[in-house]
Structures are given as C-alpha cells and as structure tokens.
Amino acid sequence: MTYISRFIGSLLLLLSFSVMAQQNEKQLPKTPADSVAVAAAPVKKDRYGIRVGLDLYRLSRSFYEDGFRGIEVVADYRLTKKWYAAAELGNVKFTVDDTQLNFTTNGSYLKVGFDHNVYENWLDMENMIYVGFRYGFASFSQNLNSYKIYQNSALDDIDDTTTPTNYFDEVTVYTDRNYSGLTAHWVELIGGVKAKLFNNLFLGFSVRLNGLLSETKPSGFDNLYLPGFNRTYDGKFGVGFNYTLSYFIPLYKKQIAKKEEAPTPKN
C-alpha cells in the first residue's frame with residue numbers, strides 16, 4: 001500500500017506541474033516567430049485591372065475574304081467582384097454584292113457598356129460567363145458602285161409560233177456615287193465567355209443581338225450593312241459575334257470579404 005500511495009502522490013504532483021506549465025505558457029507574450037506564423041496565413045484576394053485585346057474573327061476575315069477589311073480592339077475594366085465596364089472600338093471597309101446593289105461601306109464605330117459575370121470562380125480562377133449590354137455608335141460612308149434594273153425585251157424577233165418566257169432583260173448600271181457623313185445608333189444584348197489560358201492571357205467568345213435606334217440613310221437605297229452593327233434585317237434587327245484574345249494588366253488587389261457565419265442556435 002505504501003508503494004501505491006507513493007505512486008499516486010507522484011502522479012498527482014506531475015499533473016499539477018503540467019497544469020502550471022500550460023497556464024504559464026498562455027500568459028507568456030508571443031514571440032516574433034509566432035507573429036510571422038499568424039501573418040503567413042493565406043488571404044484570398046481578387047485582382048483588379050484592365051484587359052485589352054483584339055477580335056480574331058474580323059482580323060482573320062480580312063485575310064480570307066475579298067472585299068472585307070476590318071479590325072476591332074476590345075477592352076474591359078473590373079469595377080467590382082461581378083461588374084465590368086467594357087468597350088469595343090473598330091473600323092470596317094466592306095463591299096457588299098447584294099441582289100440589286102453593289103456598294104462599299106467604310107467607317108468606324110464605338111461600343112460602350114457593362115458586363116456582369118454570373119460564374120462563381122474557385123480559388124484563383126478568373127474565368128467569366130457573362131451577360132452584357134452595349135450602346136453603339138457608327139460614323140461611316142456608303143459608296144454605290146452599281147445597281148440593277150430591268151428593261152423591256154425587244155419583241156420584234158418573236159413570231160407567232162414562239163412563246164416568250166421573259167419580256168425583261170436585267171441591266172447593270174455602273175456608277176460611282178458616294179454618300180458621306182452617315183451615322184447610326186443602336187443597342188446590343190450580349191452573352192459570352194472568357195477563359196484564362198495561362199498567366200494573364202484570355203480567350204473569349206460572345207454573341208450579340210442588336211436593335212437599331214436611329215440611322216441616316218443615303219439617297220435612293222437603305223443601309224444594308226452598318227459598321228459594328230453588321231447586316232441589317234428588316235431595317236432594325238441585327239446579329240453578331242466575336243472571338244477575342246486579350247491580355248490582363250493587373251493594377252491592384254482587393255481582399256475578398258469573408259462571409260459571416262450564421263449564429264449557432266441555442267438550445
């Protein structure tokens with residue numbers, strides 16, 4: 001019994017020393033090494049800056065399609081976690097050979113608006129699935145190269161045994177008439193994606209539904225093509241798309257606000 005009592009006494013003494021040591025450790029001031037360890041904890045931050053690039057579709061089309069020359073510069077600037085200010089600036093010279101008309105459109109355009117990212121990125125991802133809005137303005141000229149008319153066919157050579165199938169001949173009239181100082185205003189609804197390839201390089205694609213607000217027309221024919229708006233359908237409706245390659249220039253970082261945890265209900 002004596003050995004057992006001595007063992008229990010020694011065990012209680014060790015436990016008391018252990019408790020006292022833990023209490024003293026809590027009361028000791030933190031060393032610089034401890035502060036560094038706390039500061040080293042990762043903090044999630046979003047990058048903010050400007051992204052600038054080119055429309056690959058218009059650039060490549062200038063090489064493979066005769067009669068088309070165009071370029072478009074795209075840019076966006078991150079305002080908040082989900083909202084971006086965006087713009088496109090371009091120039092187009094395009095010769096259209098329509099059923100009745102052959103004309104050349106030459107001019108520049110500017111689009112400004114906003115994009116809203118609906119995609120929730122993980123960790124350091126910076127991809128976008130977005131919807132957007134643009135207001136577009138174009139200043140351009142139209143050059144009427146030629147147009148077609150129909151004239152009555154001569155019937156002198158037709159005898160009584162011949163049944164004519166066409167009394168009209170199609171005649172092309174060549175002219176060189178220029179109409180300058182034309183303008184157009186429209187709005188666009190946009191849906192698109194932007195994916196980060198590597199480092200700060202992004203590949204994007206967007207589709208656009210255009211609605212014409214106003215335009216000035218040349219004398220004698222309608223604007224069948226508008227720079228930045230593309231082909232017009234029924235006078236007020238248009239569609240478009242682009243493929244973009246852009247580079248992100250980071251300007252600053254902003255720490256992501258932590259979501260507040262809901263309080264645990266008390267029993």
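1. The second largest cavity of this predicted model has a volume of about 40 Å³. Its lining is made up of Arg58, Glu72, Lys111, Glu188, Arg208, Asn210, Gly228, Asn230, Gly240, Phe241 and Asn242. By class, that lining divides into one nonpolar, five polar and five charged residues.

2. E7 and E10 each supply at least two residues of the lining of the second largest cavity. E10 gives the most, with three residues.

3. Now the wider search. Over the whole structure, two cavities of 30 Å³ or more are found. Of the 18 residues lining the largest cavity, Val74, Glu88, Tyr130, Lys194 and Thr244 are the closest to its centre.

4. Which strands each supply at least two residues of the lining of the largest cavity? They are E2 (68–78), E3 (83–97), E5 (128–152), E7 (201–215) and E10 (237–255). E7 gives the most to this lining, with four residues. The classes in the lining of the largest cavity are six nonpolar, five polar and seven charged.

5. Next, the rings. The count comes to 11 aromatic pairs. One of them joins Phe94 and Tyr225, with ring centres 4.9 Å apart; their planes stand at 70 degrees, so the pair is edge-to-face. Phe94 lies in strand E3 and Tyr225 in strand E8 (residues 225–226), so this pair ties together parts that are 131 residues apart in sequence.

6. Are Phe94 and Tyr225 buried or exposed? Phe94 has 8% relative accessibility and therefore counts as buried. Tyr225 has 3%, so Tyr225 counts as buried too.

7. Phe205 and Phe241 form a tilted aromatic pair, 6.5 Å centre to centre with 45 degrees between the planes. Phe205 belongs to strand E7 and Phe241 to strand E10, so the pair ties together parts that are 36 residues apart in sequence. Phe205 is partly exposed, at 29% relative accessibility. Phe241 is also partly exposed, at 33%.

8. The Phe205 and Phe241 rings belong to a cluster. Ring pairs link Tyr57, Phe205, Phe241 and Tyr243 into it. Phe241 also lines the second largest cavity.

9. Last, charges over rings. The charged end of Arg61 sits over the ring of Phe94, 5.0 Å from the ring centre. Phe94 is thus a point where two contacts meet: the charged end of Arg61 and the ring of Tyr225. The charged end of Lys254 sits over the ring of Tyr48, 4.8 Å from its centre.

Key:
Residues are numbered from 1 along each chain as its sequence is written. This is a predicted model: local features need pLDDT of at least 70, side-chain atom pairs count only at pLDDT 80 or more; totals for chains, interfaces and linings use all residues. Side-chain values use heavy atoms; hydrogens and water are left out. On a 1 Å grid over the protein atoms alone, a cavity is a set of points where a 1.4 Å probe fits but cannot get out, and a pocket is an open set with protein on both sides within 12 Å along at least five of seven lines; lining residues have an atom within 4 Å of a point. Grid points are joined across faces, edges and corners, and a volume is the space filled by probe spheres set on the points. Ala, Val, Leu, Ile, Met, Phe, Trp, Tyr, Cys and Pro count as nonpolar, Asp, Glu, Lys and Arg as charged, and the others, Gly among them, as polar. Rings of Phe, Tyr and Trp (its six-membered ring) pair if their centres lie within 6.5 Å; planes under 30 degrees apart count as stacked, over 60 as edge-to-face and the rest as tilted. Buried means under 20% relative accessible area, exposed over 50%, partly exposed in between (1.4 Å probe, protein chains only). A charge sits over a ring if NZ of Lys or CZ of Arg is within 6 Å of the ring centre and within 35 degrees of the ring normal.
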